[in-house]
Amino acid sequence: MLEVIGAKKTFNPGTINETRALQGVHFKLEKSSFVIIIGTNGSGKSTLLNAVAGSFFLDDGQIRIDGKDITRWPEHRRAAYIGRVFQNPFSGTAPNMTIEENLVLAARRGLFRSLLPASRRSLVDALKERVRTLGMGLENRFDNEIGTLSGGQRQALTLLMATWLRPQLLLLDEHTAALDPKSADQVIHLTREVVAREQLTTLMVTHSMWQAAHLGDRLIMVHRGKIVRDYAGATKARLRPDDLLAQFDEVRRTDQLDPTAAEMLRSRYV
Amino acid sequence: MNLLLGSLTIGLILSLLALGVYIAFRIFGMADITADGSLTLGGAVTAVLLLKGTDPVLATLAGCLSGAAAGMLTGILHTRFGIHSLLSGILMMTALYSINLWVMGRSNLPLLSVANLTDAGERLANLMIGPQKTMMLMGWEVTCRDIGILLATFAWVCLTAVLLFFFFKTELGTAMRATGDNPQMIRALGVNTGNMIVLGLALSNGLVALSGALLAQFQGFADVQMGIGMIVWGVASVIIGESLVRTRRLGLAITGAIMGAVLFRLLLAIALRFGLNPNNLKLITAIFVFFALVSPALLDSLRKRWGGTKYA
Ligand SMILES: Nc1ncnc2c1ncn2[C@@H]1O[C@H](COP(=O)(O)OP(=O)(O)OP(=O)(O)O)[C@@H](O)[C@H]1O
Ligand SMILES: [Mg+2]
C-alpha cells in the first residue's frame, strides 16, 4: 500500500543549522494496517509524515502509494489519497469559516471544485448525521465559526473531515497531544472507531506509551532519522508501556556507546 | 443636489474598487497595491477602445479583463517566483505606470465627445420617466441623465455584489476563502493554493479595473494619475464598512464595503464643499485610514484602562 524507500531529508544543508532529519528510512505498509510511530523529540517522526504528505520533497529516496510513484507529486495532488490530522488543533480547520463550510470543503478533498453551491442540502444533512454521532452537540451549531470551538471539538471534526471521503492512507501526527485527558480519550475512541469501520491504512505518531501499547497492529520506533525498532503481529500485541520505556533506554544506551566506540577506533587507527 | 447625485454615483463606482480590495485585503490578507495600476489600466484600455469607436460594453469589458490579467501576473510573481506579496504588487504597479502611458499614448484622454456607457444611463432614464430633460426630485431640479446613470450604477453594483456573494459560497469560492484563512488545511484537502491566489487576485483587480473603466466614462476622461492612492481609498472603504456592519461575515462584509465606499465619498464631497483644499485630500485619507486601522486596538486599551476589568 505505502512504500517508503531509502527516504533522506536534510534541513538547512551546509549551514550551522544542518539537521539530517531522515537518514534512509525504509518501510512498507500492508493495506489496512494501523501503525504506531514513537520516538524521542526531534527524532524525525513529523518529518516522516510530512514527507509522505508532500509538505516538502525528499532529497533522496522514493514514496509509492498503491504502486504509484508519488515522490515528485505536490502536496495538493497527494491529498486525493491522504487524510491528515495535525498536532495543532488550529492547523486542521479554517477558523473564520463555519463548521458547515469546513465540512463541505472536506467533502471534496482531492476532487474538482466547481461553481456549484458548496452547501448542498443532501450533503449537509448527511454530514449532520455523522457529526451527531460525535455526541458533542455540534450538529446544532453548523453556523458557528469553527474558531469558537474547543481544541477537542476541532480535532474530532478534523478527524471526521479527513475520513469523510475514505482516504487510502490516514496520517495522524500526535493528534491528541494538545488536548486535555478527557478530550484526548474521546478523540482516541473516535480514531479507533473510524479506523476499524473503514479498514483504514493508518500511520499514527504518539508520545503516549499507553496509546502505543494499546492501539494499532504494528509499532515502529524512530531514532535520529532512522527506524530502530519494528514490531508486528503477536510481538506488538504483547508489548506493554513498560516494555516500550525499556526499549527507549536501550536505544539511548547504544547511542552513548557509539561516540565512545568511535573514539576508541580513532585512537587506535588514526 | 447635483453634487450629491454625482458623489453618490462616484461612490458607487468606487465601491467596485472597494469590493476588489476587500478580496485581496480581507480574503487573502494582502495589501495588493497592484490596484493603483489596474484602476488606471481599466480606464486607459476602455478610453482608447472608445476613441476607436468600439461598443461601450465591449470596451468596458476589455478594461475589466486587462485589470484581471494584471492581477494574475501579480499572483504569479508572488506564488510561482516566491516574491513577497507586497513587493509583487509594487513591481506590477510600477510596470503598469509605463504600460498605461503606452496604452494611452499621452497622459490624458478626454472622452466627452465619444459615445460611452453614460449614454446608456440616459436612455434608461428616458425609458423610465419619459423623454424630458429634467425632473423634480425633493424640490430640486435634476437632469434625468444624472438620475439614470445613478440608478444604472446602483443596479450594476448590486448585481456584482450578489454574484460575488454567491461565488464565495460555491465549491471554488469557499476553497478560495479557506486559502486565505488556513492554507495548510486547504492544501491537505487537495487545493492548489497558488492557483487560488492567482485567481483571486485576478478577480480582485478585474473589479478594480472595472471601477476605473466606469470612472473614466463618468468623469469624461482617463488620466494616467487616476489610480494613485486608490488602494488606500479601497482599504478605507472596507474598514468603514466593517465598523458599520460590525462583523466580518461574508454577506454583511460585502454590503459594508459598498456602504463604506459611498459614505467615504460623501464625507469627502462635504469636506471639499466646506473648503477643504483638494491638495490635502490624500494626506487626509491616509491619516483617516491610520486612525481606522489603530482605533480597534486603541479603543481596547482605553477600555482596559478606564473600563475596569469588565472584559478581562
Ligand atoms: N522545516 C524544518 N526546517 C528545519 N528543520 C526542521 C524542519 N522540520 C523539522 N526540522 C528538524 O528536523 C528534526 C526532526 O524534527 P521532527 O519534527 O520530525 O521531530 P519529531 O520526531 O516529530 O519530534 P517531536 O516529538 O518533538 O514532534 C528536528 O531536529 C527539527 O528541528
Ligand atoms: Mg512531531
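## Contacts of ligand 1

In this predicted model, a polar side-chain atom of His207(A) lies 2.7 Å from an oxygen atom of ligand 1. Lys45(A) likewise places a polar side-chain atom 2.7 Å from an oxygen atom of ligand 1. In Gly42(A), a polar backbone atom is 2.8 Å from an oxygen atom of the ligand. A polar contact is a pair of N or O atoms within 3.5 Å; within protein, one atom must be able to donate a hydrogen and the other to accept it, and residues adjacent in sequence count only if both atoms are side-chain atoms. On its own, ligand 1 has 630 Å² of accessible area, of which the protein covers 63% (Shrake-Rupley method with a 1.4 Å probe; for residues, only the protein chains shown count as cover).

The elements that give two or more residues to the shell around ligand 1 are strand E2 (19–29) and helix H1 (45–53) of chain A. Helices (H or I, at least four residues) and strands (E, at least two) are DSSP runs, numbered from the N terminus. The largest share of the shell, three residues, comes from H1(A). In total, 14 residues surround the ligand, and the closest are Asn41(A), Lys45(A), Ser46(A), Thr47(A) and His207(A); a residue is near a molecule or strand if one of its heavy atoms lies within 4 Å of it. By type, the shell holds two nonpolar, ten polar and two charged residues (Ala, Val, Leu, Ile, Met, Phe, Trp, Tyr, Cys and Pro count as nonpolar, Asp, Glu, Lys and Arg as charged, and the others, Gly among them, as polar).

## The four-stranded sheet of chain A

E2(A) also belongs to an open sheet of four strands, in the order E2-E1-E4-E5, with antiparallel pairing. Two strands pair if DSSP finds at least two bridges between them. E2 and strand E5 (68–69) of chain A each have a single partner strand, so one side of each is left without a neighbour in the sheet.

Strand E1 (residues 2–11) of chain A pairs with E2(A) over eight bridges in the antiparallel sense, and Lys9(A) has Leu22(A) in E2(A) as its bridge partner. E1(A) and E4(A) pair in the antiparallel sense over five bridges, with Lys8(A) opposite Asp60(A) in E4(A). H1(A) lies across E1, E2 and strand E4 (60–65) of chain A, at about 65° to E2(A). Axes are lines fitted to C-alpha atoms, for helices over the stretch in contact, and angles run from 0 to 180 degrees between N-to-C directions. Contact means heavy atoms within 4.5 Å.

## The six-stranded sheet of chain A

A further open sheet has six strands in the order E6-E7-E8-E3-E9-E10 (chain A), with mixed pairing. Its edge strands are strand E6 (82–85) and strand E10 (226–232) of chain A, each pairing on one side only. From one strand to the next, the twist averages 15°.

Strand E7 (residues 169–173) and strand E8 (residues 201–205) of chain A run parallel and are joined by five bridges. Leu172(A) stands opposite Met204(A) in E8(A). Helix H5 (residues 151–164) of chain A lies across E6 and E7 of chain A and runs at about 175° to E6(A).

## Basis of the model

Residues are numbered from 1 along each chain as its sequence is written, chains are lettered from A and ligands numbered from 1 in the order in which they are written, and side-chain values use heavy atoms, with hydrogens and water left out. In this predicted model, local features need pLDDT of at least 70 and side-chain atom pairs count only at pLDDT 80 or more, while totals for chains, interfaces and linings use all residues.
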